[in-house]
Amino acid sequence: MSEKDDDKLLGSAGSEGNLILFKLTSFKGHRMLDLRKYFKKKNSEELSPTRKGIALTQPGFDALCKLLKENYVEIEEWLVGDTLQDQVALDVRRAAEAQEVSRCQLGRFLVEEDEWRSPVFFRIEFEGSCTKLFLNKLHWMGALLLSRYQQTPEDELLNAFFELLVSFGKAKYLYQGSHSAETDVLLDGLMLNWGLIISRNQKKSPRA
Amino acid sequence: MSVSLVNEGTAVLSMRESDFDAYSAYGEVVDNSIQARAKNIRIKISSQERGGRGKPYRIIDYIAFGDDGDGMPPEVLHRCLQLGYSTRYNDRSGIGRFGVGMTLAAINQCKEVEIYSKQEGQPWFHTRIDLDEMTSSPPQMSGIPEPRREEPPDEYRRIIPSDDRGTIVIWKKYDRQPLSAEKIEDEAHVWLGRTYRYFIWEGLNMELNGKTVTAVDPLYARTQRTAFPDDPPATLFEEISIPWPVPQEGRGYGSPETATVTVLMSLLPEEFRPVQGSGGWSSNKERLIDRNQGVSIVRNKREVFYGPIPYWPGPQDWFGEIDRWWGCEVLFDAILDRSFTVKNIKRGAVPTAELKETLYDNIRPTRDTCLERVRATWKEAKRKERVKESGGRVETTHTEAEKVAQKTPTDRSELDRDLSFESEAQKLVDSVFKTHDAEMRAQWVAKWKEQPFTIHDDHWRGPEFFEAVHLGGSDVLRYNFSHPFFEEINKIVTELETRDELEVALARRLKVMLDLLIISYSKAEAKFEPDIEFTAKDFVENFRINWGIYLKSYLATWLKENRS
């Protein structure tokens, strides 16, 4: 392949003796992404392409992106290989990921009625993997939700709202007792955790 | 010329210092019995009283373990005491794994080990090791002798559950006794009952010195085959399942990527914890509730750890006395040994740092729920006690301040001037004294009517630390003992009341001053006419002035009363 002036270098990988370049290029009117090994000729600073490479047009590029997205973990594990340190690093990483997933886990929940005098219309209590959402019937919002729930307990929108309350309660709980921080940092963290919990529990049936 | 990696003589002696305690050492023998499919296990701790100076002390002669398991053929019996030998090396499906447990356990505790074993239809075979003989100079025993046909003596036959098959392990020259034998026996009952509770529930029969070993459940949720089968069970919460990655090491072909860690939690019945301090009751001590502070970690149905987990992420107050009222069990399969740092002697399994944090995140919410419910029960009990102490009469614990307010002449309240006392009082008594009978409620209404202020100790959820209700001529003040302010005040007053006369008197004065402060607040609040509008500035200024005036009046009455 010959180099042209309008080729655009996107990036590279590897070292001088084993260099791969990623370029946007074109040939006979066909635009491509080129991934290729390059070498330095003797007594020259210029890089020359080898035959070891591939030029992807749009369909090939789309297929590659999809494949990488769907198999990222498996490919990475394969490439990481079996060295002892790699194994240990992988174990540590997987444990950290499992920890994060567990923090955002939301089991099933039950809705119950209670009453207390306070502006707060709901509270959350945890019983193992079951979370109890208590609605304050002395508060207008709590009374309204309870009344709707008693009429139509299977209402999807109502249950989605309950899940919102439960996930907020869980996100708030994750911050209880934690070390002090500035308010906006705490609130940002709360919003982030709340969002993570909701997204990780998407489409889960909340009640038995 | 190469040198052997292991100097056998000194290595064996140094292995005596492995990290066992007496009970975990016994557990290694029991594990083998269970793996050999024993249905009955009998343990005998034979001891003698030794006198000498001071109190007599029972010294262990020998410990014998008999089971009705499969027994061992001579070739296996020959090697079973060899360190590292196992017919199930690195097999994680059972309890054992490395083949070092029983021998290490035995030589940790004693210097001589004998084993008799019989398979069905075969004769008894016997072998033994003696560390003194092995390490004498020159050695009188080199290696483990080949098993010989030999019947167990009558003394040990009594331990065997069955004549058809089984194994007897005898530990002699017992020189590592930490306590008197009867204390070891008592503690061993508890340890064995808790460690093997799942096997006992599945039908395993175990006896120690003729007494049945009953299951000990740290959750108090299953009562069958325990020492108290008729007890009410604890409330068992829904299990928490935590998928956890299986470490690379030890993962064979076809091993799953993740395995499940299951957490079970329970809240002990209210019957055991009706009031604060009930943990020390003898009935609760019999049930080991006073020691129920920690987590039970169970591997392949066998407990491998019990107690507060070291370097727990939580704050210092975890695993305190109040934590005895909830139970927690963490169960895992042996495929996660690495994640629980299970060692070759199955003692002290502790989760890795990430797993520990994950367990903490999952256990903490339910623990908080449990503690809240325990405290709520105690508060309710205290409230009932206060009613009981007044002999069912309608007396509060604030009579001194109430009487001061009654004696102090003040102007009429305006805020509630248009309210009907009867209807307001009825509304209040129906809401606050729901559980009282009609007669008691009527008495309270009469009490409220006869004095300008009545103060009740109560507790409810909400940010207010007290509430003032104006009933149309009388005020009812309710203190929220769930609020941290009153929790602290109560602690201080209670502490002072346990000291000498001067401090008791100070506690009383502190309480009355606080009551008068709040009474005068309520009076100042009621001074405002309901329809008059103020700017915020004027309102606050007026309020503060009135508050100060009333407080001064009440204090003057109180001081005058105290001087006279």
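# Charges, rings and cores

Let's begin in chain A, where the charged end of A:Arg123 sits over the ring of A:Trp116, 5.0 Å from its centre. A charge counts as sitting over a ring if NZ of Lys or CZ of Arg is within 6 Å of the ring centre and within 35 degrees of the ring normal.

Residues are numbered from 1 along each chain as its sequence is written, while chains are lettered from A and ligands numbered from 1 in the order in which they are written. This is a predicted model in which local features need pLDDT of at least 70, side-chain atom pairs count only at pLDDT 80 or more, and totals for chains, interfaces and linings use all residues; side-chain values use heavy atoms, leaving out hydrogens and water.

The pLDDT is the predictor's confidence in each residue, from 0 to 100. Chain B has a mean of 87, with 89% of its residues at 70 or more. Within chain B, confidence is lowest in helix α1 (residues 8-15), with a mean of 64, and highest in helix α8 (residues 197-201), at 98. Helices (H or I, at least four residues) and strands (E, at least two) are DSSP runs, numbered from the N terminus.

Back to A:Arg123, which also forms a salt bridge with A:Glu125, their closest N and O atoms being 3.1 Å apart. A salt bridge is a side-chain nitrogen of Lys or Arg within 4 Å of a carboxyl oxygen of Asp or Glu. Both A:Arg123 and A:Glu125 are buried; buried means under 20% relative accessible area, exposed over 50%, and partly exposed in between (1.4 Å probe, protein chains only). The two belong to a network of salt bridges that includes A:Glu112, A:Asp114 and B:Arg373.

How many salt bridges does the whole structure hold? A search over all chains finds 54. In one of them, B:Glu114 meets B:Lys172, with the closest N and O atoms 2.5 Å apart. B:Glu114 lies in strand β3 (residues 110-118) of chain B and B:Lys172 in strand β6 (residues 166-174) of chain B, so the pair ties together parts that are 58 residues apart in sequence. B:Glu114 is buried, with a relative accessible area of 6%, whereas B:Lys172 counts as partly exposed at 23% relative accessibility.

Now for the rings. Over all chains there are 37 aromatic pairs: rings of Phe, Tyr and Trp (its six-membered ring) pair if their centres lie within 6.5 Å, and planes under 30 degrees apart count as stacked, over 60 as edge-to-face and the rest as tilted. B:Trp318 and B:Trp326 have ring centres 5.9 Å apart and planes at 90 degrees, so this pair is edge-to-face. Both B:Trp318 and B:Trp326 are buried. The charged end of B:Arg367 sits over the ring of B:Trp318, 4.1 Å from its centre.

Finally, look for the nonpolar cores, sets of buried Ala, Val, Leu, Ile, Met, Phe, Trp, Tyr and Cys residues joined through side-chain atoms within 4.5 Å. In the largest core, of 55 residues, B:Tyr26, B:Val113, B:Ile115, B:Trp171 and B:Met206 touch the most other members. Helix α2 (residues 22-35) of chain B gives this core its largest share, 7 residues. A second, separate core of 47 residues includes A:Ala95, B:Phe237, B:Ile322 and B:Phe332.
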